[in-house]
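These are my notebook entries on one model, written down in the order in which I looked things up.

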Amino acid sequence: MRYVCKDPFCNGSLIRIASDGKSFDIIATQAIIPTSELPSHLLMHNYLKVSGKDNKVVLHTHPTDLIGLTHCKPFLNSEYITRLLWSMIPECRIIVPRGIGIVPYEIPGTLELARATIKQLEKHDVVFWEKHGILAVGNDIIECFDAIDTLSKSAQIYFSARMAGYEPEGMTDRQLDDLVEAFNL
């Protein structure tokens with residue numbers, strides 16, 4: 001990604017799906033072949049469109065701190081990891097109101113990974129892929145980035161406290177509930 005910002009069309013591509021849905025054209029100065037995850041991302045876009053959701057963006061990335069959490073079994077529980085990360089910083093509860101879905105490890109780029117993700121997108125806008133990465137859906141790239149960035153900050157706060165030798169207290173249930181009321185979540 002560090003190269004994309006310097007020269008987007010030499011380091012990435014836009015694609016246009018053919019009207020029959022069976023092929024695509026690469027729109028770029030230099031043709032950059034999409035990753036092996038293109039079929040799974042397109043399946044997710046199709047799900048969003050068919051389900052009537054307004055989300056136009058599917059963002060997938062590999063934040064080290066969030067992937068690190070998925071290497072620990074307790075963090076592979078959706079309710080547990082959601083509550084933990086929400087409690088580290090108020091913005092997390094506000095920006096990721098539907099919590100975090102979890103997909104157990106699947107081979108990257110497979111339709112199995114896409115189908116498992118779609119199941120989580122029925123309830124969540126953010127999904128952790130065990131030992132792989134994170135995916136967010138939203139109306140625009142900024143919304144997706146903000147969700148991932150805020151979760152990453154929450155994870156960093158958690159890790160910082162743990163490295164300092166203590167279990168972070170986190171926000172109380174009442175404090176989290178107050179955010180729901182204050183921000184109409």
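Entry on Glu130. I looked up burial here and found that Glu130, at 8% relative accessibility, counts as buried, where buried means under 20% relative accessible area, exposed over 50% and partly exposed in between, with a 1.4 Å probe and protein chains only. I note that this is a predicted model, in which local features need pLDDT of at least 70 and side-chain atom pairs count only at pLDDT 80 or more, while totals for chains, interfaces and linings use all residues. Residues are numbered from 1 along each chain as its sequence is written, and side-chain values use heavy atoms, with hydrogens and water left out.

I placed Glu130 in the loop between strand 5 and strand 6; helices (H or I, at least four residues) and strands (E, at least two) are DSSP runs, numbered from the N terminus. What is Glu130 in contact with, leaving aside its neighbours within four places in sequence? I found Thr70, Lys73, Leu76, Val103, Pro104 and Tyr105, with contact meaning heavy atoms within 4.5 Å. For Tyr105 I also recorded that its backbone nitrogen lies 3.0 Å from a polar atom of the Glu130 side chain.

Entry on Lys131. I then turned to Lys131, whose side chain meets that of Glu130 in a salt bridge at 2.8 Å, N to O; a salt bridge is a side-chain nitrogen of Lys or Arg within 4 Å of a carboxyl oxygen of Asp or Glu. Lys131 sits in the loop between strand 5 (126-129) and strand 6 (133-138) and, at 40% relative accessibility, counts as partly exposed, whereas Glu130 is buried.

Entry on backbone angles. Most residues other than glycine have a negative phi. Lys131 has a positive phi of about 55° although it is not a glycine. Asn184, also not a glycine, has a positive phi of about 50°. Asn184 belongs to the segment after helix 8 (173-183), and I classed Asn184 as exposed because its relative accessibility is 72%.

Entry on salt bridges. How many salt bridges does a search of the whole structure find? I noted seven. One of them joins the side chains of Asp125 and Arg98 at 2.7 Å, N to O. Asp125 lies in the loop between helix 6 (111-121) and strand 5, and Arg98 in the loop between helix 5 (90-95) and strand 4 (100-103), so this pair ties together parts that are 27 residues apart in sequence. Both partners came out as partly exposed, Asp125 with a relative accessible area of 22% and Arg98 with 33%.

I also looked at Asp178 and Arg174, whose side chains meet in a salt bridge at 3.1 Å, N to O. These two are four residues apart in helix 8 and so are separated by about one helical turn. Asp178 is partly exposed at 34% relative accessibility, while Arg174 is exposed with a relative accessible area of 55%. I then checked for shared partners, and found that salt bridges join Lys73, Glu130 and Lys131 into one network.

Entry on strand 3. Is strand 3 (residues 57-61) mostly covered or mostly uncovered? I recorded it as mostly covered, since four of its five residues are buried. Strand 3 and strand 6 run antiparallel and are joined by five bridges; two strands pair if DSSP finds at least two bridges between them. In this pairing I noted Leu135 in strand 6 as the bridge partner of His60.

Entry on Ser36. I placed Ser36 in the loop between strand 2 (24-27) and helix 2 (38-50), where Ser36 is exposed, with a relative accessible area of 54%. From C-alpha to C-alpha, Ser36 and Thr110 are 8.2 Å apart in space, although 74 residues apart in sequence.

Entry on the ring of Trp86. Which charged end sits over this ring? I found that of Arg93, 3.8 Å from the ring centre; a charge sits over a ring if NZ of Lys or CZ of Arg is within 6 Å of the ring centre and within 35 degrees of the ring normal.

Conventions. Polar contact = N/O pair within 3.5 Å; in protein donor to acceptor, adjacent residues only side chain to side chain.
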